[in-house]
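Keep the viewer open as you read.

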Amino acid sequence: MTEKVHRRDRRGPLSSTALHTTLVLASVVAVFPVAWVTLTSLKTDRASWTRPDEIGTLGLDNYSQVLSETQFTTWFVNSLIVATATTVVAVLIAATAGYAASRMRFPGKRPLMWSFLITQMFPAAVLIVPLYNVLSELGLLDSYGGLVLASSTVAVPYCAWMLKGYFDTIPVSIDEAGRVDGLSPFGTFWRLIVPLAKPGIAVTVFYSFITAWGEVAFAGVFMQSEGHYTLPVGMATFVSDFKAEWGLLTASSVLVMVPSAVVFFLVQRHLVAGLTAGGVKS
């Protein structure tokens, strides 16, 4: 019987070739845009941008120009501040809300989770006007705090549902053991549940950071002074109706990928476990 199962699981030469061919093609499709942008960023001859079949002269002139002659470093720091703050705020709110929804019974629990879900359904464009009015009343326009709050409205709903599903997979007996040992509800959450929920938290950290790092709709409206521009808004100034600095745009695009890649490599070992466990129960 075991021998029959092994024979059934063993792929034939044709199916194995088809599988590997498909994987290679998928990899090429995924890598090609990044490779093309990287190659374009290294082209120093402006004329070669309009001739994709020619590589032309390669160099680092575009990178040196972006770093020395533009406000790229300022935009980079602004984006890093906003993305980091959004990640901290969103993960803290989502983790506590998800844990409360998973473990506690309180009035308005179901409406709270439904409001998270409904908020997640709205596109960012629909939220711009009400958020603009709220931030204007609070005096938070053109400030890091205002943009962090706006970005958190996108990150928190998804992260709360994700962590609620992950907390559901952690046995309730762990909470009970914590209470027996004299821990408060928050102490149980922080000392026992959070260490066990690292894969789920890693997913929310990655999602929150990427969401805030590449966000352009809110940043383009709420950040009104050039010194407060984030990277997506600042990079948009390289291309307009009157000019097209493709070298600067592609060079900055490559540099923008670095923080995202760093965050990914820091949390990658938890991502698969977090995504699969978070989808088991809700």
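**A glutamate in a loop**

Glutamate 215 sits in the loop between α10 (198–213) and α11. The coordinates come from a predicted model, so please read every distance below as a value computed from that prediction. Is glutamate 215 buried or exposed? With a relative accessible area of 12%, glutamate 215 is under the 20% cut-off and therefore counts as buried.

What does its side chain reach? The side chain of glutamate 215 comes to 2.8 Å from the backbone nitrogen of alanine 217. A polar atom of that side chain also lies 2.5 Å from the backbone nitrogen of phenylalanine 218. Beyond its neighbours within four places in sequence, glutamate 215 is in contact with Leu147, Thr230 and Pro232.

Phenylalanine 218 takes us on into a ring pair. The ring centres of phenylalanine 218 and phenylalanine 222 are 5.6 Å apart and the planes meet at 15 degrees; planes under 30 degrees apart count as stacked, so this pair is stacked. Both residues belong to helix α11 (residues 217–222), and because they are four residues apart there, about one helical turn separates them. Phenylalanine 218 has a relative accessible area of 0% and is buried, and phenylalanine 222, at 1%, counts as buried too.

Now for the other aromatic residues. How many aromatic pairs does the count give? The count comes to 15 aromatic pairs. One of them joins phenylalanine 186 and tryptophan 190, whose ring centres are 6.3 Å apart with planes at 10 degrees, so this pair is stacked. These two residues lie in helix α9 (residues 185–196), four residues apart, which is about one turn of the helix. Phenylalanine 186 counts as exposed at 53% relative accessibility, while tryptophan 190 is partly exposed at 49%; the cut-off for exposed is over 50%, so the two labels fall on either side of it. Phe186 and Trp190 also belong to an aromatic cluster, together with Tyr99, Phe167 and Phe189.

A charge meets a ring elsewhere in the model. Lysine 43 lies over the face of tryptophan 36, at 5.8 Å from the ring centre.

Next come the charged pairs. Side chains of opposite charge can pair when their charged atoms come close. The structure holds two salt bridges. In one, aspartate 175 pairs with arginine 103, with the closest N and O atoms 3.0 Å apart. This bridge links distant parts of the chain: aspartate 175 is in helix α8 (residues 172–180) and arginine 103 is in helix α4 (residues 72–103), 72 residues apart. Aspartate 175 counts as buried, at 2% relative accessibility.

The other bridge joins the side chains of lysine 164 and aspartate 168, at 3.1 Å from N to O.

Most residues other than glycine have a negative phi. Aspartate 142, although not a glycine, has a positive phi of about 60 degrees. Where does aspartate 142 lie? Aspartate 142 is in the loop between α6 (124–138) and α7 (144–168).

Let's finish by stepping back to the chain. The protein has 13 helices and zero strands. Of its 282 residues, buried ones make up 37%. Among contacts between residues at least 6 apart in sequence, 73% join residues at least 24 apart.

A database record can be laid over this picture. In an unreviewed entry, UniProt lists residues 21–39, 75–100, 112–132, 144–163, 201–224 and 244–267 under "transmembrane region". In the model, the span 21–39 is 100% helix and 0% strand, with its end C-alpha atoms 25 Å apart. For the span 244–267, the end C-alpha atoms lie 36 Å apart, and the span is 92% helix and 0% strand.

Key: Residues numbered from 1 in each chain as written. Predicted model: local features only at pLDDT ≥ 70, side-chain atom pairs only at ≥ 80, totals over all residues. Heavy atoms only, no water. UniProt positions renumbered as here; feature names shortened; annotations may be inferred. Phe/Tyr/Trp six-rings, centres within 6.5 Å; stacked < 30°, edge-to-face > 60°. Buried < 20%, exposed > 50% of the residue type's maximum accessible area, 1.4 Å probe, protein only. Lys NZ or Arg CZ within 6 Å of the ring centre and 35° of its normal. Salt bridge = Lys/Arg side-chain N within 4 Å of Asp/Glu carboxyl O. Polar contact = N/O pair within 3.5 Å; in protein donor to acceptor, adjacent residues only side chain to side chain. Contact = heavy atoms within 4.5 Å.
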